[in-house]
Amino acid sequence: MKILFVYPNAGSQLGFNYGIAHLAAVLKQAGHSVALWQLCEEIAPLPGKDAFIRRIKQEAPDVIGFSVVTHQWPYTLQLAGWAREASDAPLVCGGIHALAAGSEILRTGLFDYIIRGEAEEAFVEFVHKLERRENVAELPNLG
Ligand code: B12
């Protein structure tokens with residue numbers, strides 16, 4: 001499976017995301033491929049809707065995972081809406097905001113899933129189950 005991580009980081013310092021780094025490592029060890037898109041003006045101007053959708057289509061991910069801190073939530077909402085238009089891949093929200101405000105995220109209807117807290121085991125298991133078309137409902141940390 002190909003997992004595209006989206007890291008909304010608008011108006012903020014260019015940052016290394018340790019959470020995504022951990023998840024990318026364990027996903028690769030499990031045989032999956034991983035891509036990262038950090039949206040930060042220090043890397044490139046933030047994309048408009050058309051450019052965002054074009055790149056998501058080019059990446060053609062099987063799963064799109066957003067890594068979100070709370071102050072990036074409004075921007076995340078915009079990006080998730082565009083991602084919904086660009087792809088049928090499940091949208092998963094993780095990171096500190098999923099731990100702090102999981103119900104609020106799910107109520108928007110934009111994300112298919114949240115994973116709360118540490119996700120090295122939960123997200124790999126989630127991707128495996130999706131790949132095997134198995135039920136993910138009982139997975140730990142999943143909303
Ligand atoms: C290191 C750190 C930084 C670093 C790196 C940040 C980064 N994005 O990695 C730097 C210095 C850049 C930084 C900057 C900021 N930080 Co900071 N930072 C931390 C700190 C101390 C540790 C985070 C960490 O690396 N944990 C270890 C990694 C492995 O865990 P993780 O990131 O949580 O990821 C795991 C899960 O969340 C999950 N996960 C993460 N992403 C995803 C994605 C998917 C799809 C899935 C399924 C799961 C998932 O799986 C990961 C592995 O288990 C935390 C405090 C804390 N104890 O959490 C504050 C913290 C995250 N920071 C905070 C804040 C406020 C900021 C800044 C806004 C500060 C500022 N005013 O500029 C900026 C925001 C930058 C940004 N856009 O991310 C707050 C966030 C509060 C909130 N509700 O959002 C925290 C919680 C501190 C606090 N208690 O206030 N930070």
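1. In what follows, Ala, Val, Leu, Ile, Met, Phe, Trp, Tyr, Cys and Pro count as nonpolar, Asp, Glu, Lys and Arg as charged, and the others, Gly among them, as polar. With that wording in hand, please keep in mind while reading that this is a predicted model.

2. The shell around the ligand is made of 28 residues, of which the closest are G15, G19, G65, S67 and G94. By the classes given above, this shell divides into eleven nonpolar, 15 polar and two charged residues.

3. Several elements supply at least two residues each to the shell, namely helix 1, strand 3 (63–67), strand 4 (91–94), helix 4 (96–100) and helix 6. Helix 1 gives the most, with five residues.

4. Helix 1 (residues 18–29) also meets helix 6 (residues 120–131), for their axes come within 10 Å and cross at roughly 45°, which makes helix 1 oblique to helix 6. The crossing of these two helices is right-handed, and the contact is made by H22, L23, V26 and L27 of helix 1 together with E120, F123, V124 and V127 of helix 6. The residues of this contact divide into six nonpolar, one polar and one charged.

5. Leaving aside neighbours within four places in sequence, C93 is in contact with F66, V68, A98, I105, F111 and I114. The C-alpha atoms of C93 and D112 are separated by 8.3 Å, although these residues stand 19 residues apart along the chain.

Notes:
Residues are numbered from 1 along each chain as its sequence is written. This is a predicted model: local features need pLDDT of at least 70, side-chain atom pairs count only at pLDDT 80 or more; totals for chains, interfaces and linings use all residues. Axes are lines fitted to C-alpha atoms, for helices over the stretch in contact, and angles run from 0 to 180 degrees between N-to-C directions. Helices (H or I, at least four residues) and strands (E, at least two) are DSSP runs, numbered from the N terminus. Angles under 35 degrees count as roughly parallel, over 145 as roughly antiparallel, 65 to 115 as roughly perpendicular and the rest as oblique. A crossing is left-handed if the near helix is turned anticlockwise from the far one by less than a right angle, and right-handed if clockwise. Two residues are in contact if their C-beta atoms, placed from the backbone, lie within 7 Å. A residue is near a molecule or strand if its C-beta atom, placed from the backbone, lies within 6 Å of it.
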